[in-house]
Amino acid sequence: MHKAPRKGLNNSVTMGTLGYGVYKVPPADTAQLCALALDAGYRTLDTASLYGNESGVGQAVAEALAIGATVREDIFVTTKLWNSDHGYRRAHEAFAASKALLGLDYVDLYLIHWPCRGKGLALETYRALEELYRAGEVRAIGVSNFLQQDLEQLLEHADVVPAVNQVEVHPYLQQKGLRAFHDRHGITTQAWSPLGRGAVLDDPVIGRIAAELGRSPAQVILRWHQQQGVAAVVKASTGTRIAENFTIFEFELTAEQLAAIASLERGQRFGSHPAEVN
Ligand SMILES: NC(=O)c1ccc[n+]([C@@H]2O[C@H](COP(=O)([O-])OP(=O)(O)OC[C@H]3O[C@@H](n4cnc5c(N)ncnc54)[C@H](OP(=O)(O)O)[C@@H]3O)[C@@H](O)[C@H]2O)c1
């Protein structure tokens with residue numbers, strides 16, 4: 001079975017370059033779908049307090065460990081602090097609640113889900129995450145949906161450089177400027193909605209490349225993320241799709257194919273604009 005390559009974060013921790021994400025996965029199905037993902041080879045799982053399914057993720061991990069299918073050190077679980085939990089004290093409480101639902105001794109990556117500029121509490125929220133990091137409760141801390149301006153403000157005050165900024169990235173929103181900023185500061189870019197919520201799957205250029213390679217459109221797009229050096233978390237709701245999306249480590253896109261995908265950039269978001277979320 002293939003394993004996703006792991007990428008070193010800006011500390012000693014490594015994260016899978018392809019993870020399984022469970023946004024909108026119903027809580028009752030989460031353990032079963034995460035088990036299918038673990039069977040397919042995923043070791044990186046992405047949830048959030050918002051998703052209401054942290055306990056299902058934890059259950060799948062516990063079961064995989066119990067049967068000896070994997071070891072804790074190979075598993076990488078991310079969860080995220082929701083917008084209503086900004087603030088120093090609330091952040092500590094939110095983390096304790098997420099950790100209890102996951103049933104883990106430690107969380108691998110804890111992210112501030114959105115900067116929530118209107119609240120103005122991101123810095124003190126991040127201070128709580130730094131404490132959790134120093135206490136060994138989390139192996140890495142980071143942010144999500146931070147624009148360059150949000151990161152600049154954070155970096156001015158933070159002691160711990162965020163390991164990850166998880167943002168919307170796909171062929172229609174390639175985030176080249178933000179990715180270059182991340183690279184300059186040692187922040188790993190992790191793509192959410194790597195398939196554009198499925199909307200990029202029907203693109204004719206992607207379809208043409210898929211036909212050339214004898215691969216599916218989803219495989220082509222996920223392979224593109226790999227070759228950009230962008231880690232991604234992808235969601236799918238059937239075992240077949242979950243496995244299909246993970247079968248991207250034994251083929252490569254050519255320079256011409258990469259250039260054709262680069263030309264698809266159109267600044268199109270399928271999710272919210274980070275400056276508008278509070
Ligand atoms: N940090 C954030 O603010 C944030 C925001 C959004 C998402 N995320 C994370 O990113 C993960 C992925 O994002 P996403 O779920 O929005 O979008 P996505 O992974 O880009 O796309 C998921 C959609 O594509 C479909 N799909 C997946 N694989 C397919 C395949 N092989 N063939 C055909 N269709 C396929 C899925 O259908 P089915 O489900 O029907 O199989 C689903 O409708 C989330 O689960 C979550 O963990 C984070």
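**Barrel, helix pairs and ligand shell**

Colleague: Hi! Which residue in E9 is the bridge partner of Val167?

Modeller: In this predicted model, Val167 has Ala191 of E9 as its bridge partner.

Colleague: And how many bridges join strand E8 and strand E9, and in which sense do they pair?

Modeller: E8, residues 164-168, and E9, residues 188-192, pair over 5 bridges in the parallel sense.

Colleague: Where do the strands go from there, I mean, in what order do they close into a barrel?

Modeller: The barrel has 8 strands, and they close in the order E3-E4-E5-E6-E7-E8-E9-E10, with parallel pairing. From one strand to the next, the twist averages 30 degrees.

Colleague: Nice. Changing topic: at what angle do the axes of helix H1 and helix H2 cross?

Modeller: Roughly 40 degrees, for H1 at residues 27-40 and H2 at residues 54-66, and their axes come within 7 Å. Angles under 35 degrees would count as roughly parallel, so H1 is oblique to H2.

Colleague: Is that crossing of H1 and H2 left-handed or right-handed?

Modeller: H1 and H2 make a right-handed crossing.

Colleague: Which residues make the contact?

Modeller: On the H1 side they are Pro27, Thr30, Ala31, Cys34, Ala35 and Leu38, and H2 brings Gly56, Val57, Gln59, Ala60, Glu63 and Ala64. Sorted by class, this contact has 8 nonpolar residues, 3 polar and 1 charged.

Colleague: What about helix H4 and helix H5, how do their axes cross?

Modeller: H4 covers residues 122-134 and H5 covers 148-157; their axes come within 10 Å and cross at roughly 55 degrees. H4 and H5 are therefore oblique to each other, and their crossing is right-handed.

Colleague: Who's in that contact?

Modeller: Ala122, Leu123 and Tyr126 come from H4, while H5 supplies Asp150, Leu154 and His157.

Colleague: Last topic, the ligand. Which of the residues around the ligand come nearest?

Modeller: There are 28 residues around the ligand, and Gly21, Trp192, Leu195, Gly198 and Lys235 come nearest.

Colleague: Which elements give two or more residues to that shell?

Modeller: Those are strand E10, residues 231-234, and helix H9, residues 239-246. H9 gives the most, with 3 residues. As for E10, that strand also belongs to the barrel.

Colleague: And how does the shell around the ligand look by class?

Modeller: The shell has 13 polar residues, 10 nonpolar and 5 charged.

Definitions and conventions:
Residues are numbered from 1 along each chain as its sequence is written. This is a predicted model: local features need pLDDT of at least 70, side-chain atom pairs count only at pLDDT 80 or more; totals for chains, interfaces and linings use all residues. A residue is near a molecule or strand if its C-beta atom, placed from the backbone, lies within 6 Å of it. Helices (H or I, at least four residues) and strands (E, at least two) are DSSP runs, numbered from the N terminus. Ala, Val, Leu, Ile, Met, Phe, Trp, Tyr, Cys and Pro count as nonpolar, Asp, Glu, Lys and Arg as charged, and the others, Gly among them, as polar. Axes are lines fitted to C-alpha atoms, for helices over the stretch in contact, and angles run from 0 to 180 degrees between N-to-C directions. Angles under 35 degrees count as roughly parallel, over 145 as roughly antiparallel, 65 to 115 as roughly perpendicular and the rest as oblique. A crossing is left-handed if the near helix is turned anticlockwise from the far one by less than a right angle, and right-handed if clockwise. Two residues are in contact if their C-beta atoms, placed from the backbone, lie within 7 Å. Two strands pair if DSSP finds at least two bridges between them.
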